[in-house]
Amino acid sequence: NAGVTQTPKFRVLKTGQSMTLLCAQDMNHEYMYWYRQDPGMGLRLIHYSVGEGTTAKGEVPDGYNVSRLKKQNFLLGLESAAPSQTSVYFCASSYSRGSHEQYFGPGTRLTVT
Amino acid sequence: GNSVTQMEGPVTLSEEAFLTINCTYTATGYPSLFWYVQYPGEGLQLLLKATKADDKGSNKGFEATYRKETTSFHLEKGSVQVSDSAVYFCALSRIQGAQKLVFGQGTRLTINP
């Protein structure tokens, strides 16, 4: 099993450009999450999904959109990138029951200039 | 609201030293508590967890006890190794439809040989 994978690993955008980050998991998890990691602030939840076709806002959703058309994929979109969105983005997934452990992808480092 | 506070880093120790990383939390009810570890260039991995008061989580020589009376979940290891160098995150979760983690800011640990 590959676990949780993210593409791309690195990206540099200019202000105003758009992009989509892809997260895929092969563990048949119901729940998926997008976090951003900034120095000294830990990880903050952007959006999450409790199942195919459903999404919900997390702590810092502004400037981002998400979609979960297939159970195994969770896409994070930036429609008009801003320098404040420079960060490392992590995707995670978990079962809806049981141990509640979240499994994380390796991250995407995004720089917006 | 829910929050997690960790001791500030960075923390630098010599090999075989005793490690404590403090973590306190604020939450309503009875959250589950976690320690995640992030090795350089990787995503987060669950290190240990505790789901109710007085539970002790343990893994790879690390331990943490869920103390409801002091709202704490301090991470300890009796003899650290160079390979323990990483960033450690304390987190809590409340099961409310989806398991949303709230993270502390992270503590960077460096072990010197």
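## A pocket and an open sheet

Sorted by class, the residues lining the largest pocket comprise 12 nonpolar, 14 polar and 6 charged ones, where Ala, Val, Leu, Ile, Met, Phe, Trp, Tyr, Cys and Pro count as nonpolar, Asp, Glu, Lys and Arg as charged, and the others, Gly among them, as polar. The model is predicted, and local features need pLDDT of at least 70, side-chain atom pairs count only at pLDDT 80 or more, while totals for chains, interfaces and linings use all residues. Residues are numbered from 1 along each chain as its sequence is written, and chains are lettered from A in the order in which they are written.

The volume of the largest pocket is about 820 Å³; a pocket is an open set of points on a 1 Å grid where a 1.4 Å probe fits, with protein on both sides within 12 Å along at least five of seven lines, and lining residues have an atom within 4 Å of a point. Among the 32 lining residues, those closest to the centre of the largest pocket are Gln37(A), Arg109(A), Gln38(B), Val87(B) and Arg108(B). The table names the elements that give two or more residues to this lining.

| Element | Residues |
|---|---|
| β9(A) | 87-94 |
| β11(A) | 108-112 |
| β10(B) | 86-96 |
| β12(B) | 107-112 |

The largest share, 4 residues, comes from β11(A); strands are DSSP runs of E with at least two residues.

In chain B, 4 strands form an open antiparallel sheet in the order β3-β9-β8-β7, pairing being counted if DSSP finds at least two bridges between two strands. Its edge strands are β3(B) and β7(B). Between β7(B) and the antiparallel β8(B) there are 4 bridges, and Lys56(B) stands opposite Thr65(B) in β8(B).

How values were computed
Heavy atoms only, no water. Points joined across faces, edges and corners; volume = space filled by probe spheres on them.
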